[in-house]
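This report describes selected local features of one protein model. Please consult the sequence and structure displayed below.

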Amino acid sequence: MSYTNRNIYVDEIGVDIDTKQWLPNLFVQINGKNLGKLRFYETNKGYHYRIKLKQKIHINDAIKLRYFLGDDPNRIHMDLLRLRSGLTIFDVLFTSKKVIKSGA
């Protein structure tokens, strides 16, 4: 499935998990570490993850990867709307709230 025909490549993705249950967060942590460098911080509802990928991937693949990792569906939907409208700002997590921890 193609979300956009734009030629955009990214080397980092964000994943917003709105629960503190261990299984969805462990899933992101294990897979995130396999994809690249993982950073995260706790929020009121759950955790925000940033994954610096080992290589750049097309934005369509980044969207699919975020969906696979369990990113907030509303956040993904908003990013798709931003992309389709031509905006260049997407995949925004509010990382300035707290200090980001590096995954070991």
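## Strand pairing

A hairpin of 4 residues connects strand β2 to strand β3. Strands β2 (residues 36-42) and β3 (residues 47-58) run antiparallel and are joined by 7 bridges; two strands count as paired if DSSP finds at least two bridges between them. Within this arrangement, Glu42 stands opposite Tyr47 in β3. Strands (E, at least two residues) and helices (H or I, at least four) are DSSP runs, numbered from the N terminus.

## Basis of the model

The model is predicted: local features need pLDDT of at least 70 and side-chain atom pairs pLDDT 80 or more, whereas totals for chains, interfaces and linings use all residues. Residues are numbered from 1 along each chain as its sequence is written, and side-chain values use heavy atoms, leaving out hydrogens and water.

## Arg50

Arg50 belongs to strand β3. Its relative accessibility is 11%, so Arg50 counts as buried (under 20% relative accessible area; exposed is over 50% and partly exposed lies in between, with a 1.4 Å probe and protein chains only).

## Ile30

Ile30 is located in helix α1 (residues 22-35). Ile30 is partly exposed, at 47% relative accessible area.
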